[in-house]
Amino acid sequence: MLTFTDKGIYCEPGQFYIDPWKPVDYAIITHGHADHAKWGMKNYLCHHFTVPILQSRISPDISVQGIGYHETISRNGVKISLHPAGHIIGSAQIRLEYKGKVSVVSGDYKIQEDGLSTPFESVKCHEFVTESTFGLPIYRWQPVATQNEQLQQWVQHNQEQQKTSVFVGYSLGKAQRIMQALKDAGPLFVHYSIGKLNRAFEQIGVELPKYEIVDLREDVKHLDQGIVIVPPSLLESKVIKKIPYMAHAICSGWMQVRGARRWRSADAGFAISDHADWEGLIEAVKATGAEQVHVTHGQTAVFAKYLNEIGIAADVVPTEYGQEEEEESPEKKEAQS
Amino acid sequence: MRAFADLIFALDSTNKTTAKLDAIQQFLRDGEEKDKLWFLALFTGKRPKRPLTTTLLKLWAMEVTQIPEWLFLESYSAVGDLGETIALVLPPPTQTVERTLSEWMTDILLLKDQSESEKKAFVLQAWDTLPAQERFIFNKLLGGSFRIGVSSKTLINALARFYEMEESAVAHSIMGHWNREEVVFDLLVKGHYSDTELSKPYPFCLAYALEKELPDLGYRSDWQAEYKWDGIRGQFIKRDGEVFIWSRGEELVTEQFPEIAEALAEWNGNFVIDGEILAVREEQVLPFSELQKRLNRKVISKKMLSDVPVSVFLYDLLEYDGEDWRARPLSERRAQLEKLVAQNPETSLRLSEVIASRGWEDLPTIREDARSRNSEGLMLKHLASPYHSGRKKGDWWKWKVDPLTIDAVLIYAQKGSGRRSAYYTDYTFAVRRDDELVTIAKAYSGLTDKEIQEVSRFVNRNATEKFGPVRTVKPELVFEIAFEGIALSNRHKSGVALRFPRILRWRKDKTVADIDDIEEVKKLIPAST
Ligand SMILES: [Zn+2]
Ligand SMILES: [Zn+2]
């Protein structure tokens, strides 16, 4: 049912694309990250929660239809429904059914429940399209409760030393998770680029902890001993150095590896990710019962080879995904901040 | 092992010296006596012999995790450290047992006489009781070196602060030999056991690269100028008739240079001298590549002694007749060193020449000419300066000649280890020979983090292999490679070897058509080799 073209993942009978990277007539979008939700489509279809993100990221004037999870619509005889992917708020796996065959395009996903996005739901299918950002057995996440505790302890430790805690996390997804984890740990300040997205969430009824928006170009004295969340683009811009007596932590799956932690030369690195870890990926693939798996981005060669070895037919398909900050590296600058 | 693990974690997760010092002081306060001794032993390189091979560790980890070897190797190449890879791929522990560092070390020491199956049972059991972070430390304790996140300078600095002592005194106390079982930690640091230790070297005084204009240094007459040599910096100790030669890597190398040891034995007096071991033939200093032939050999043959004759250029006098001279001004130390040389028979030990020049004006020309002597440039030392421990800005400057450079193309890339294991950071470069490319150098440093990411992205897109750590890349990216010396060698396909190659800059303005030809490169080889 799916073909992989130079414009994106194409559903031939339905005549539409999923997460295309070149302008097309009709695009179904898995989630709001810039590498999956590109500009230039005549029509967009996505989850309700993703609508304001697309409008804020691409343009308020795009033609976009939002639907809920499990709601079914039809296009040229193909039944389309969205299912929670657990990656970020509004992220969806796209289920397609045509003549008794089912394909699922999962976009990016995570199995762990983060307390913000609707939990991942496994969908049975014949053909499954998966990512593999953290497709190596060295990536194994701690339970979310433990991750949150670690963040809280670190903040407390800083407060004991009268230090301000600065977190670096992707503005769409990670930042809100950090806020959630630290809602009772101290006053929360977020960089205005994160504030912009927060407002988009609030518009659609997502409840976020109380926070204040901060512009680091202005006076920063009031941040003292509080918690500040900034996007990764600020890490290299030295603006955060303006915050007096601070310690800064990076939250990203890459922080699992010592070499990456040390390279970033942050004061702390927490392996907190919005992607599935190694076992999560395998578990997710197995649960679909799919006969054919396509690996789109990340550790594609390794993951596909391993799946074949454990008896699941898998191949690597070239896509242009994987430019989202956490997917590429903990470094990559945010496209728009 | 909690306290020790916390220390390692703290040291490992910051680049800030103050944070590292805080962490060490915390450990000095909270750590148990035996753990502190182990800590000091491990961090000064006094680790016990490895009780089992890393191959076995790898096998057992693959067995526990049921990971195929290719996948384990992929993981290893993403992590860059075997102990860490194992710690990460293993399933979470099913039990917890709290044991101290010294308890673990006691068991690890016992391993060496045990059978393989006993060793295996111990290791698997340990893995199953330790969380990933501590498991990593445990694996490190079992194998490789244990220099994590802290230089010996920082360690000494932390101890000095904690005990309110001079850094040099601390360094003196803890360098050299001591036995964990025979000392008390506090007393050891305070120097209680160091008097009897004849061989103890002092920390070396190191120089910063010159960062100002010569006239800004003040009067020329306040400064001593010498050539900077590219050999093995050493300390030459004679106390109570015994001779010791230390290299800067805190290694005792007396046996590797028997002719120097003999020469020292012939000399009168008790002294500690700072100097440089160099290969010298007929008054000409030879390039480092010659001296290198003498290194890391178990036996120094007669042929080796005559093929690569060595001398010591004496720089400074640190101790004389049992008295520490380091606080005295350089002028006084040098005068005494000259006297000492004059009083003793002429041997392969000679004074490092003091360069005479009337003002600052002549020095740039002298520096330019340094390479013809196989010298790296000049050293400028303030005549009133004490002999500092380690690096201290202002009194000693090194003023190196500008490096030699070539343009070469990137042909292989390999993931880095440790700090940069997530990216391609180790590069092999090639120059042209007729229509083919021949490898000339490997280089690891010189690019910014951003450039490394950019190169990594290029490698990911343009590599022919998909698995394993090394990628062959399309020859497209051109870099200017700087180096300090060049010699004929068969280690590289090009037939030459570069000394201290590093990436000077990425030449985005150049293509593979612009890289250097090997015949041009060979013209840079000095005549004496
Ligand atoms: Zn994403
Ligand atoms: Zn993605």
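Nine bridges join S6(B) to S8(B), and the two strands run antiparallel. Strands here are DSSP runs of E with at least two residues, helices are runs of H or I with at least four, and both are numbered from the N terminus. Two strands count as paired if DSSP finds at least two bridges between them. In this pairing Ile277(B) stands opposite Val312(B) in S8(B).

This is a predicted model, in which local features need pLDDT of at least 70 and side-chain atom pairs count only at pLDDT 80 or more, while totals for chains, interfaces and linings use all residues. Residues are numbered from 1 along each chain as its sequence is written, chains are lettered from A and ligands numbered from 1 in the order in which they are written, and side-chain values use heavy atoms, with hydrogens and water left out.

Confidence comes next. pLDDT is the predictor's confidence in each residue, from 0 to 100. For chain B the mean is 87, and 94% of the residues reach 70 or more. The complex receives an ipTM of 0.92 and a pTM of 0.76 from the predictor. Where pLDDT is low, the predicted coordinates should not be read in detail.

Back to S6(B). Ten of its eleven residues are buried. Buried means under 20% relative accessible area, exposed means over 50%, and partly exposed lies in between (1.4 Å probe, protein chains only). S6(B) also pairs with S4(B): seven bridges join them, and they run antiparallel. There, Arg233(B) stands opposite Glu276(B) in S6(B). Two bridges join S6(B) to strand S7 (residues 284-285) of chain B, again antiparallel. Arg281(B) stands opposite Gln284(B) in S7(B). S6(B) and S7(B) form a hairpin with two residues between them. In the turn, Glu282(B) has a positive phi of about 45°.

Helix H13 (residues 258-266) of chain B brings these strands together with others. Its buried residues are Glu259(B), Ile260(B), Ala261(B), Ala263(B) and Leu264(B). The cover over them includes strand S4 (232-239), strand S5 (242-247), strand S6 (271-281), helix H15 (302-307), strand S8 (310-320) and strand S10 (349-351) of chain B.

Strand S10 of chain B holds Leu351(B). At 27% relative accessibility, Leu351(B) counts as partly exposed. Its C-alpha atom is separated by 5.4 Å from that of Phe313(B), 38 residues apart along the chain. Not counting residues up to four places away in sequence, Leu351(B) touches Leu314(B), Arg334(B), Leu337(B), Glu338(B) and Val341(B). Contact means heavy atoms within 4.5 Å.

Most residues other than glycine have a negative phi. Asn374(B) has a positive phi near 60°. Asn374(B) lies in the loop between helix H17 (363-368) and strand S11 (375-382) of chain B. At 15% relative accessibility, Asn374(B) counts as buried.

Now the whole of chain B. It is divided into domain 1 (2-143), domain 2 (205-400) and domain 3 (404-522). Such bounds come from an automatic or database domain assignment. The centres of domain 1 and domain 3 of chain B, taken over C-alpha atoms, are separated by 35 Å.

The nonpolar cores follow. A nonpolar core is a set of buried Ala, Val, Leu, Ile, Met, Phe, Trp, Tyr and Cys residues joined through side-chain atoms within 4.5 Å. The largest has 116 residues, of which Phe4(B), Phe138(B) and Leu159(B) touch the most other members. Its largest share, seven residues, comes from helix H3 (residues 33-43) of chain B. Leaving aside neighbours within four places in sequence, Leu159(B) is in contact with Leu28(B), Leu40(B), Val170(B), Ile174(B), Phe185(B) and Val189(B). A second, separate core of 32 residues includes Ile406(B), Phe429(B), Ala441(B) and Ile503(B).

Chain A is assigned domain 1 (2-138 + 275-335) and domain 2 (144-271). Their centres, over C-alpha atoms, are separated by 28 Å. 29 residues of domain 1 of chain A are in contact with 31 residues of domain 2 of chain A.

Six strands of chain A form an open sheet with mixed pairing, in the order S1-S2-S3-S4-S5-S6. Strand S1 (2-4) and strand S6 (64-67) of chain A stand at the edges with a single partner strand each, so one side of each is left without a neighbour in the sheet. Inside the order, two bridges join strand S3 (residues 16-18) to strand S4 (residues 26-28) of chain A, which run parallel. Ile18(A) stands opposite Ile28(A) in S4(A). The loop between strand S2 (9-11) and S3 of chain A holds Gln15(A). Phi of Gln15(A) is positive, near 55°.
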